[in-house]
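Open the model in your viewer and keep the sequence panel beside it. The tour below goes from one selection to the next.

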Amino acid sequence: MLQKRSVLVRCLLVDFSKAFDVVDHTVLLAKLSQLGLPDRALSWIISFLIHRTQVVKLKYDNVISSSQPINASIVQGSGLGPMLYVVMAKDLKAVSSIDRLFKYADDTTVLVPSDSDIGLEDEFENVKQWAYALCCYG
């Protein structure tokens, strides 16, 4: 896992709360198009994402809102959802070449050995900047 044995390894555990709910479809489709997928596969994923709607039903009044389009999010419980989130997070990398970054769905772990040229705080800042750029700039 780590290249050589260190006396100490600092660990940063990040759980991106509601990560699947805030995935911007435009950003995701741009990242998917860079993967060189066959057109048919890309079209299938687009059809999975678009034309989804939601309504709100008030429990006690039985009032139902008008249907509204869903322009963001991926279905976490679907077979495709976790893979799509992995595509969103594929460009998140550790700052130092000897640090290790592991991703599993919306959980990220950064391991920083004691002999790293980068501090844990720097790795955390990198993760925060990546998340901010993803959610706020697309």
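Is His51 buried or exposed? Select His51: with a relative accessible area of 74%, the residue is exposed (exposed means over 50% relative accessible area, buried under 20% and partly exposed in between, with a 1.4 Å probe and protein chains only).

Before moving on, note that this is a predicted model, in which local features need pLDDT of at least 70, side-chain atom pairs count only at pLDDT 80 or more, and totals for chains, interfaces and linings use all residues. Residues are numbered from 1 along each chain as its sequence is written, and side-chain values use heavy atoms, with hydrogens and water left out.

Stay at His51, which sits in the loop between α2 and β2 (53-54). Helices (H or I, at least four residues) and strands (E, at least two) are DSSP runs, numbered from the N terminus. His51 has a positive phi of about 65°, although it is not a glycine. Most residues other than glycine have a negative phi. Asn62 is another stop of this kind, with a positive phi near 60°. Asn62 lies in the loop between β2 and β3 (68-69) and is exposed, at a relative accessible area of 53%.

Next, select α2, residues 39-49. Leu42, Ile45, Phe48 and Leu49 are its buried residues. They lie on the same side of α2, because they cover an arc of only 115° around the axis (the arc is that of the directions from the helix axis to the C-beta atoms). Turn to the face away from that buried side to find the exposed residues Asp39, Arg40 and Trp44. The buried residues of α2 pack against α1 and α3.

Move to α1, residues 25-33, where His25, Val27, Leu28, Lys31 and Leu32 are buried. Looking down the axis of α1, you will see these buried residues within an arc of 160°, so they line one face of the helix. At the N-terminal end, Asp24 caps α1, with a side-chain oxygen 2.8 Å from the backbone nitrogen of Thr26.

Now show the largest nonpolar core, which has 28 residues (a nonpolar core is a set of buried Ala, Val, Leu, Ile, Met, Phe, Trp, Tyr and Cys residues joined through side-chain atoms within 4.5 Å). Leu28, Ile74, Leu84 and Tyr85 touch the most other members. The largest share of this core, 5 residues, comes from α3. Select Leu84 and list its contacts (heavy atoms within 4.5 Å). Leaving out residues up to four places away in sequence, Leu84 touches Leu28, Leu32, Ile45, Phe48, Leu49 and Ile74.

Go on to strand β5, where Thr108 is found. Thr108 counts as buried, at 3% relative accessibility. Its contacts beyond four places in sequence include Leu12, Val14, Leu92 and Phe102. For an exposed residue, select Tyr104 in strand β4 (residues 100-104), which has a relative accessible area of 66%. From Tyr104 to Ile50 is 25 Å, C-alpha to C-alpha, and the two are 54 residues apart in sequence.

The last stop is α4, which gives the most to the lining of the largest pocket, with 4 residues.

Notes
Polar contact = N/O pair within 3.5 Å; in protein donor to acceptor, adjacent residues only side chain to side chain.
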